[in-house]
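Visitor: I am new to this structure. Could you please take me through it in order?

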Amino acid sequence: MSTLKRILTGHRPTGPRHIGHLYGTFTNWKALQDDYDCFFLVADLHVLTTDYEHPAQIGKHTLEMVTDWLAAGIDPQRSALILQSAIPEHVQLSMLFAMLVTVARLERVPTYKEQTKALNLKPSLGLLTYPVLQAADILLYKAETVPVGEDQLPHLELTREIARRFNQLYGKTFPEPEALLSSTPRIPGIDNRTMHTSYGNAIYLKDTPEETTRKVMQMYTDPTRLRATDPGHVEGNPVFDYLDIFDPDANALDETKALYRAGKVGDVAVKEHLAQVMNDALAPLRERRQQYAARPSQLIDILNEGTGRARPVAQETLQEVMDKMGLNTHTVLKALADAIVPQGVFC
Ligand code: TRP
């Protein structure tokens with residue numbers, strides 16, 4: 001049994017990961033494996049809260065996402081990769097937690113408000129209880145630290161409230177988990193909007209060097225610059241945001257920026273350089289990716305193994321919670337039965 005503190009985090013399997021996930025999220029996850037017992041959750045049940053009409057996608061997206069996690073350096077020898085729907089205790093615990101949260105509280109969750117507005121849908125009960133399921137994901141394993149992006153902070157707050165409420169009512173059981181925010185560098189999409197799969201502006205971890213180069217050459221740069229001899233803007237220019245991350249030679253990059261500002265280097269030359277340093281930086285990841293993609297059965301084994309490691313922890317917590325909430329308590333039932341049987345009630 002590991003004595004390290006436990007981390008739990010995860011993603012909904014919505015498709016392949018992009019380089020916006022790599023810096024900020026995966027580099028952070030990878031480093032955390034040195035100091036924590038890490039559980040990485042494939043939150044497939046959460047996908048259904050909005051996307052229940054496309055069941056065939058979930059399995060495919062799960063394999064793509066897990067391949068990207070492994071390519072990015074998640075080490076299955078040390079960390080558990082868990083398939084949420086394969087452990088029924090996630091759903092069971094979320095139902096028990098649902099007793100401790102009001103509908104009004106859930107209706108105030110900002111992600112819920114935004115999503116119902118953006119999707120213009122009549123929200124399902126499942127969507128409303130999304131953060132309760134997420135609280136169950138975290139507390140089922142008594143995780144103390146949850147590395148997430150800022151958008152997930154309202155869900156973490158609700159998780160802490162549920163933990164606190166449970167502990168007050170039934171005695172100390174859960175830690176109040178802390179969010180661990182990563183400092184995310186600015187990685188816009190190739191059109192300078194937020195990088196997002198649905199915008200068609202992402203560079204994926206699965207992209208080949210040629211695809212990556214092609215996308216870099218199409219990238220938005222400084223719109224005020226009509227000729228290579230015009231002075232250029234480095235700030236707010238995604239080409240330079242990317243170079244800040246990918247160019248290993250900071251001094252040479254400073255010189256390139258000075259030349260660009262002075263109108264002495266063209267966009268094409270700068271982009272060719274960017275494609276080169278990006279492809280160099282991504283080469284080890286692509287190599288790992290290929291090894292996993294070539295043998296999908298390995299992915300299944302890894303998910304099975306990680307899920308198997310998590311299951312006994314989940315079962316123990318659920319049993320503890322049920323006992324404390326007065327359900328299926330073997331000791332209580334037995335004492336009752338012993339008291340009642342002599343009077344013939346059970347006969
Ligand atoms: N809601 C998270 C997201 O959209 C995914 C998620 C589900 C999660 N369960 C979790 C994240 C538990 C952290 C911990 O990215």
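Visitor: What should I know about the model and its numbering?

Guide: This is a predicted model, in which local features need pLDDT of at least 70 and side-chain atom pairs count only at pLDDT 80 or more, while totals for chains, interfaces and linings use all residues. Residues are numbered from 1 along each chain as its sequence is written, and side-chain values use heavy atoms, with hydrogens and water left out.

Visitor: How many helices and strands are in the protein chain?

Guide: The protein chain has 15 helices and 5 strands. Both are DSSP runs numbered from the N terminus, helices being H or I with at least four residues and strands being E with at least two. Along the principal axes, the C-alpha atoms fill a box of roughly 100 × 40 × 35 Å.

Visitor: What share of the residues counts as buried?

Guide: Of the 347 residues in the protein chain, 46% count as buried. Buried means under 20% relative accessible area, exposed means over 50%, and partly exposed is in between (1.4 Å probe, protein chains only).

Visitor: Which domains does the assignment give?

Guide: The assignment gives domain 1 (6–187 + 298–335) and domain 2 (207–291). Such bounds come from an automatic or database domain assignment. The C-alpha centres of domain 1 and domain 2 lie 36 Å apart.

Visitor: How many residues are in contact between domain 1 and domain 2?

Guide: In domain 1, 14 residues are in contact with 11 residues of domain 2, where contact means heavy atoms within 4.5 Å. The two domains bury about 1,100 Å² between them, with 63% of it on carbon and sulfur atoms. Buried area is the accessible area (1.4 Å probe) that two parts lose on being put together, summed over both. I19, A71 and R186 supply 46% of the area that domain 1 buries against domain 2, more than any other three residues.

Visitor: And how many salt bridges are there between domain 1 and domain 2?

Guide: The count between domain 1 and domain 2 is 1 salt bridge. The side chains of R289 and D68 meet in a salt bridge (2.7 Å, N to O). The term requires a side-chain nitrogen of Lys or Arg within 4 Å of a carboxyl oxygen of Asp or Glu.

Visitor: Which elements give two or more residues to the side of domain 1 that touches domain 2?

Guide: Those elements are α1 (19–32) and α3 (55–71). Of the elements on that side, α3 gives the most, with 5 residues.

Visitor: Salt bridges again, please. How many are found in the whole structure?

Guide: A search of the whole structure finds 21 salt bridges. Side chains of opposite charge can pair when their charged atoms come close. One of the salt bridges joins K60 and E64, whose closest N and O atoms are 3.8 Å apart. K60 and E64 both lie in helix α3, 4 residues apart, about one turn of the helix. K60 is partly exposed, with a relative accessible area of 48%, whereas E64 counts as buried at 18% relative accessibility.

Visitor: What about E176 and R160?

Guide: E176 forms a salt bridge with R160, the closest N and O atoms being 3.7 Å apart. E176 lies in the loop between α9 (153–170) and β5 (178–181) and R160 lies in helix α9, so the pair ties together parts that are 16 residues apart in sequence. E157, R160, R164, E176 and E178 are linked in a network of salt bridges.

Visitor: Are K215 and D207 buried or exposed?

Guide: K215 is buried, and D207 is buried too. Their side chains meet in a salt bridge (2.7 Å, N to O).

Visitor: A change of topic: where does F97 lie?

Guide: F97 lies in helix α4 (residues 89–98). At 0% relative accessibility, F97 counts as buried. Leaving aside neighbours within four places in sequence, F97 is in contact with V132, A135, A136, L139, I162, F166 and F174. F97 and A136 are 39 residues apart in sequence and 7.4 Å apart in space, C-alpha to C-alpha.

Visitor: Finally, where is T221?

Guide: T221 lies in the loop between α10 (209–217) and α11 (238–246). T221 counts as buried, at 13% relative accessibility. Beyond neighbours within four places in sequence, T221 is in contact with N237, V239, Y260, D267 and K271.
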